[in-house]
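Please open the model in your viewer and keep the selection tool handy. We will take a short walk through it, stop by stop.

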Amino acid sequence: MSEVKFENYAVKVKGRINDAVIAALYEVGGVVQAQAQRNSRVDTGQLRSSWSYSVDESGKTVTVGSPLENAIWEEFGTGEYAVNGDGRKGGWGYKDAKGEFHFTHGKYPNRTLERAYNEKKGSVRARLESALKGLDK
């Protein structure tokens, strides 16, 4: 009777899957970041240049965002224009950096990041699927 030899390639297969997914996460993070930059309203350009992404390789996640406080105001709006209607009502005044006084009812939301994801989710999905399909080569 002949001997049957079993070779376990599970570790290699898991490694290739892991590498493919991580590479795809870096790629899609860059795609969504770039779209968020294109979607940003520009006054000084500070917000536009602040978008970045980070990949948690162990958790298999990618996070796109901006550290600037203005990013959340751009995303959700402020005052009477806040997305959920829960902003300050009646308006308010403030002085800008030049010392000039302004009155506002708030800022309309731009939904910069949400729109970036929605505009790119098809290509994000396709890239992730392609990464996994490419493993059979």
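Predicted model: local features only at pLDDT ≥ 70, side-chain atom pairs only at ≥ 80, totals over all residues.

**Stop one: the largest pocket.** Select Asp43, Asn70, Trp73, Glu74 and Lys107; of the 18 residues that line the largest pocket, these lie nearest its centre. The volume of this pocket is about 560 Å³. If you colour the lining by class, you will find 6 nonpolar, 7 polar and 5 charged residues.

Where does the lining come from? Helix H2 (46-50), helix H3 (69-76) and strand E3 (92-95) each give at least two residues to it. H3 has the largest share, with 4 residues.

**Stop two: helix H3.** Now select H3 and pick out Ala71, Glu74 and Glu75, which are its buried residues. Why do they sit on the same side of H3? They do so because their arc around the axis covers only 95 degrees.

Then step past the end of H3 to Gly77, which follows the helix and has a positive phi, near 75 degrees.

**Stop three: the hairpin.** Select E3 again, together with strand E4 (residues 101-104). The two strands pair in the antiparallel sense, over 4 bridges. Between E3 and E4 the hairpin has 5 residues, and Gly99 in the turn has a positive phi of about 85 degrees.

How values were computed. Residues numbered from 1 in each chain as written. Heavy atoms only, no water. 1 Å grid on protein atoms, 1.4 Å probe; cavity = no way out; pocket = protein on both sides within 12 Å on 5 of 7 lines; lining within 4 Å. Points joined across faces, edges and corners; volume = space filled by probe spheres on them. Nonpolar A, V, L, I, M, F, W, Y, C, P; charged D, E, K, R; others polar. Buried < 20%, exposed > 50% of the residue type's maximum accessible area, 1.4 Å probe, protein only. Arc of directions from axis to C-beta. Pairing = 2+ DSSP bridges.
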